[in-house]
Amino acid sequence: MSHPDPYGSTEPRGWDRPAPALPWPDTDLEPGPWRPAPAAPTHPTEPGGYARPGAAPDTYAAPDTYAAPDTYAGPDTYAGPYPNSGRRHDGPGRYDGPPAGDRGRPDGPEHRGPWGEPARDDEYPTAQIAPVRDEPTDQIPAVRDEPEPERPPGRRGRGRRRASAERPPTTTPTTSRAGRNLPAAIGVGVALGAAVVVPLFFFMPAFLAVLAAAVGIGIWEMARAVRRSGAHPPLAPLVAGGVITVGLAWFAGPDALCLGLLVTVLGTMIWRLGDGPGNYQRDLTAATLIAVYVPFLAGFAAMLAAAPGDGHLRVLVTLVAVVLSDTGGYAAGVSFGKHPMAPTISPKKSWEGFAGSVTAAAAGSAVLLWVLFDVAPWWGALFGMAISVSAVLGDLAESMIKRDLGVKDMSNLLPGHGGLMDRLDSILFAVPVAYLLLAVFVPVVS
């Protein structure tokens with residue numbers, strides 16, 4: 001349908017139209033008669049055209065008859081058809097909010113409809129909520145600290161002990177600069193030495209039993225340690241093959257020693273077939289390493305002891321050279337060690353300690369071989385130096401294995417030493433060198 005001319009209305013236009021009624025009295029303006037506005041505005045069809053209050057739905061006020069938001073009906077009052085109409089302004093750039101009397105009221109400007117009508121309660125449900133009042137705190141019961149339960153007489157809290165005449169204070173075991181419990185290490189070392197030397201001089205078959213037991217424990221520690229890398233070498237064929245290897249070396253010499261190693265590796269391969277093909281190569285590699293490292297090298301100690309006539313002395317000079325190397329290296333490293341020898345493998349080993357090891361082993365072996373075997377001192381010194389170097393290399397080799405596996409000690413079987421392999425590492429590398437050099441310096445008499 002066609003709309004009538006918006007300029008044909010009989011109502012006054014522009015500034016001649018009376019100002020809309022205000023919802024509150026104002027001292028500067030005279031309130032006019034108030035009449036209700038329609039429920040909702042109609043949509044404009046022309047730019048800037050809005051329906052006048054009280055007009056027909058299809059009748060629109062001209063753009064020039066509309067009181068724009070920037071039109072002021074008075075110096076302090078802002079007139080407009082929006083919910084914010086009536087808020088105080090001191091100027092175009094400052095807004096002071098609604099009058100003090102209208103703040104928080106449900107019928108104030110903030111709570112009116114788009115045309116100034118009072119808001120309904122369903123549109124603003126929070127208007128029906130009672131205000132929160134501060135209640136006096138003297139009516140709230142005070143919180144009291146409950147006493148701790150009484151303990152039976154004569155008992156104290158967990159983890160707390162008081163020293164008395166009957167109960168001395170607990171002391172932490174002292175450790176040396178090398179990181180060991182020195183008294184325990186010395187005591188265990190003396191016990192191990194006695195377990196080797198006593199059967200060596202008084203009952204030689206007992207020494208073979210001690211050697212076989214040491215090989216079995218060493219194989220168990222190595223198999224337990226390599227499991228951290230995901231390898232699971234079969235323990236039973238390794239222990240049985242290790243004991244057989246040492247026995248063959250004792251009774252039949254070097255050829256039987258190699259045969260025992262071959263039998264141990266083949267027996268491990270066959271045994272491992274029963275567990276399926278999963279990780280077969282990894283398990284067999286670990287088993288071969290253990291078979292060579294422990295029973296094969298220990299077989300040279302059995303051949304040293306099995307030498308007719310002076311086998312016990314050959315074992316003795318080898319063990320003394322290893323002990324002198326460890327002792328001299330420890331003393332020199334603790335006293336003068338400043339330059340690390342292999343910081344990524346064994347940070348506590350120093351070149352000063354290595355010099356102490358070589359010096360102590362050379363001096364002691366020169367005297368000992370001259371006294372026991374009538375060997376020239378310089379040959380004895382060379383023997384001691386070779387034993388010291390091989391012992392240090394054996395220690396570094398085991399340290400590298402432990403670094404690779406992420407363990408500090410092979411086990412905690414020996415207090416102050418760790419595992420048995422932590423004591424056998426130097427000896428296992430030293431006995432093949434000792435067997436070769438003593439075969440040259442002191443030939444075996446059949």
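This is a predicted model: local features need pLDDT of at least 70, side-chain atom pairs count only at pLDDT 80 or more; totals for chains, interfaces and linings use all residues.
A residue counts as buried when its relative accessible area is under 20%. At 10% relative accessibility, Ser399 counts as buried. Ser399 is part of helix α8, and, leaving aside residues up to four places away in sequence, Ser399 touches Ile345 and Ser346.

Good morning, colleagues. The protein has 446 residues, and buried residues make up 35% of them. Its secondary structure consists of nine helices and four strands. Read from the N terminus, the order of elements is β-β-α-α-α-α-α-α-β-β-α-α-α. Among contacts with a separation of 6 or more, 60% are between residues 24 or more positions apart.

I turn now to helix packing. Which helix packs with α2 at an angle of about 150°? The partner is helix α3, residues 235-252, while α2 itself covers residues 204-226; their axes are 9 Å apart. Because the cut-off for roughly antiparallel is an angle over 145 degrees, α2 is roughly antiparallel to α3. The crossing of α2 past α3 is right-handed.

The residues that meet here can be followed on the structure. From α2 they include Met204, Phe207, Leu208, Leu211 and Ala212, as well as Trp220 and Ala223. From α3 they include Leu235, Leu238, Val239 and Gly242, together with Trp250 and Phe251. By class, the residues of this contact comprise 16 nonpolar, two polar and no charged.

One residue of that contact deserves a further remark. Trp220 belongs to helix α2 and, at 38% relative accessibility, is partly exposed. Trp220 and Ser411 are separated by 191 residues in sequence, yet their C-alpha atoms are 9.9 Å apart in space.

Helix α6, residues 311-336, and helix α8, residues 377-405, cross at roughly 65°, and their axes come within 9 Å. This crossing, too, is right-handed. On the α6 side the contact is made by Val317, Thr318, Ala321, Val322 and Ser325; on the α8 side, by Phe383, Ile387, Ser388, Ala391 and Val392. Seven of the contact residues are nonpolar, three are polar and none is charged.

Next, the charged pairs. Side chains of opposite charge can pair when their charged atoms come close. How many salt bridges does the structure hold? There are five, and I shall present some of them.

Arg272 pairs with Asp283, with 2.8 Å between the closest N and O atoms. Arg272 lies in helix α4, residues 254-272, and Asp283 in helix α5, residues 280-305, so this pair ties together parts that are 11 residues apart in sequence. Are these two residues buried or exposed? Both Arg272 and Asp283 are buried.

Asp310 forms a salt bridge with Arg314, the closest N and O atoms lying 3.2 Å apart. Asp310 counts as buried because its relative accessibility is 16%. Arg314 is also buried, at 3%.

Lys349 forms a salt bridge with Asp395, and here the closest N and O atoms are 2.6 Å apart. This pair links distant parts of the chain, with Lys349 in strand β4, residues 346-350, and Asp395 in helix α8, 46 residues apart. The two residues fall into separate classes of accessibility: Lys349, with a relative accessible area of 21%, is partly exposed, whereas Asp395, at 19%, counts as buried.

Most residues other than glycine have a negative phi. Asn279, although not a glycine, has a positive phi of about 55°. Where does Asn279 lie? Asn279 is in the loop between α4 and α5, and its relative accessibility of 45% makes it partly exposed.

Asp374 is not a glycine either, and its phi is positive at about 55°. Asp374 sits in the loop between α7, residues 351-372, and α8. With a relative accessible area of 64%, Asp374 is exposed.

To close, let me return to helix α8, which has come up several times. Helix α8 crosses α6 at roughly 65°, holds Asp395, the partner of Lys349, and contains Ser399, where this talk began. Thank you for your attention.

Notes: Residues are numbered from 1 along each chain as its sequence is written. Side-chain values use heavy atoms; hydrogens and water are left out. Axes are lines fitted to C-alpha atoms, for helices over the stretch in contact, and angles run from 0 to 180 degrees between N-to-C directions. Helices (H or I, at least four residues) and strands (E, at least two) are DSSP runs, numbered from the N terminus. Angles under 35 degrees count as roughly parallel, over 145 as roughly antiparallel, 65 to 115 as roughly perpendicular and the rest as oblique. A crossing is left-handed if the near helix is turned anticlockwise from the far one by less than a right angle, and right-handed if clockwise. Contact means heavy atoms within 4.5 Å. Ala, Val, Leu, Ile, Met, Phe, Trp, Tyr, Cys and Pro count as nonpolar, Asp, Glu, Lys and Arg as charged, and the others, Gly among them, as polar. A salt bridge is a side-chain nitrogen of Lys or Arg within 4 Å of a carboxyl oxygen of Asp or Glu. Buried means under 20% relative accessible area, exposed over 50%, partly exposed in between (1.4 Å probe, protein chains only).
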